[in-house]
Amino acid sequence: MRLSVIDIGSNTIKTTIFEANGENIKEIASKTVHAKLSSHIKDKKLSEKGISVLIHSVNTLKRTSRRFGCKKQNVFAFATACIRGAANRDRILSLLKRSTKMDVRLLSGEEEAELCFLGALISESCPKSGVLADLGGGSCEFIAFEDSASQKKVSLNIGALAMYKKFASRKYISSDEFADLSEYLKNEISSKASEITLPSGGDFIVTGGTARAAASLLEALSGNDTLSLPKRITLCEATSLCERIISGELREITENTVKERAETLVPGLCVFIKAAEALGKDSFTVVSGGARGGFASKIISERDNRK
């Protein structure tokens, strides 16, 4: 079975096409629209222009899915923090259904975290125990897991784009703003420390667009053109990367390598740094997988159970 999962986020709207054969799920294609919905939020409402951008983006990705051979009933969509936090979310979902002929599922923070974990599990790079952080534009989902089973799930509104908008006064965050952001994240993550404790011997793994962008940039600095996951990043490497981007030293290569993530990369890396420190780790590992893979896995499992 071939299916498509459209993920409506704060910064990007993405679709991933999967080929499912029994319990095996393989990603065969993906497409991203940089819709930046959060820039259309005013007074906690998504503007009419923002809704128009959203509808156009979903319809575009729906057509892409059909071109890859996905049947109409096998194209799914879910929305996360940006729509979840919008005061007019009911109207948004109603207009989406009317204009796209799709039932878009609005995920709670806990549901999003669970799907992120399921998506990481189907990748070959996920350890058996640890804490997973899936960082999006609006929120970061933390999942503590042991023996490949999730234990606790926490969703914090500290997404890369949200932190950029909260602290950056210019295109790139400054040193002073980075210091303020670091202190803010330390307090936010510490407030939930008891819920995201690291199992004994566990690893701290991360996923999401910011995580992959950081790994891609480090590969580019090493002279490599392709990204291979998993990739371990020490806190020294992550901190140095932030400092060199803030100083301007790495801005050109950052914009050439990860253009759409250039401005939010430092705030996103700061989330990983502060989370790793809270967990007592000196590194984090970027892995493949994510909520779209988890959603696909859940859909297939539900259909198998109905047979």
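**The second largest pocket**

Modeller: Two helices, α2 (81–84) and α5 (160–167), each supply at least two residues of the lining of the second largest pocket. The model is predicted, so local features need pLDDT of at least 70 and side-chain atom pairs pLDDT 80 or more, while totals for chains, interfaces and linings use all residues. Residues are numbered from 1 along each chain, and side-chain values use heavy atoms, without hydrogens or water.

The space in the second largest pocket is about 460 Å³. Its lining is made of 17 residues, with Ala81, Cys82, Gly85, Gly138 and Ala162 closest to the centre. By class the lining holds seven nonpolar, six polar and four charged residues (Ala, Val, Leu, Ile, Met, Phe, Trp, Tyr, Cys and Pro are nonpolar, Asp, Glu, Lys and Arg charged, the others polar).

A pocket here is an open set of 1 Å grid points where a 1.4 Å probe fits, with protein on both sides within 12 Å along at least five of seven lines; lining residues have an atom within 4 Å of a point. Its volume is the space filled by probe spheres set on the points.

The largest pocket holds about 960 Å³ and is lined by 49 residues, with Lys14, Gly208, Gly209, Arg212 and Arg292 nearest its centre. Elements that each supply at least two of its lining residues include β2 (13–21), α7 (209–221) and α11 (291–306). Its lining divides into eleven nonpolar, 26 polar and twelve charged residues.

Methods:
Helix = DSSP H or I, 4+ residues; strand = E, 2+ residues; numbered from the N terminus.
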